[in-house]
Amino acid sequence: MSNGSKRFGQLDAIITGISRKILTEQLKELEADGLITRTEYKEIPPRVVYELSEKGKSLKPVMKAMCNWGTENVLK
């Protein structure tokens, strides 16, 4: 979601090795923690979009630093 909003199906396709049930639970937890927002559109078929909240966006530099550290120290 760091590059924009995502629908559930997109997240399910991107994140491998996790069941749809666990993905749903994690999204609910991230929403409850205020890190993502969930927008439900009253359309047919229904559409739900997830995106980073301002609080979630504030973690982007931290996550990037952790990824860089992992690349330099773990993935060699």
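Me: How do you know what share of the 76 residues in the chain is buried?
Reply: Each residue's relative accessible area is set against cut-offs: under 20% is buried, over 50% is exposed, and in between is partly exposed, using a 1.4 Å probe and protein chains only. Buried residues come to 18% of the 76 in this chain. Bear in mind that this is a predicted model, where local features need pLDDT of at least 70, side-chain atom pairs count only at pLDDT 80 or more, and totals for chains, interfaces and linings use all residues. Residues are numbered from 1 along each chain as its sequence is written, and side-chain values use heavy atoms, with hydrogens and water left out.

Me: Why is Leu-59 called partly exposed?
Reply: Its relative accessibility is 34%, so Leu-59 counts as partly exposed. You'll find Leu-59 in the loop between helix H3 (54-57) and helix H4 (60-73); helices here are DSSP runs of H or I with at least four residues, strands are runs of E with at least two, and both are numbered from the N terminus.

Me: What makes the chain more spread out than a compact globule?
Reply: Start with the layout: the elements run β-α-α-β-β-α-α from the N terminus on. The radius of gyration is 14 Å, well over the 11 Å that the globule rule gives for 76 residues, so the chain is more spread out than a compact globule. That radius is taken over C-alpha atoms, and the rule is 2.2 Å times the number of residues to the power 0.38. The C-alpha atoms fill a box of roughly 50 × 30 × 20 Å along the principal axes.

Me: What span is expected for helix H2 (residues 20-32)?
Reply: The expected span is 1.5 Å times one less than the number of residues. H2 has 13 residues and reaches 18 Å from its first C-alpha to its last, close to the expected 18 Å. After H2 comes Gly-34, with a positive phi near 80°.
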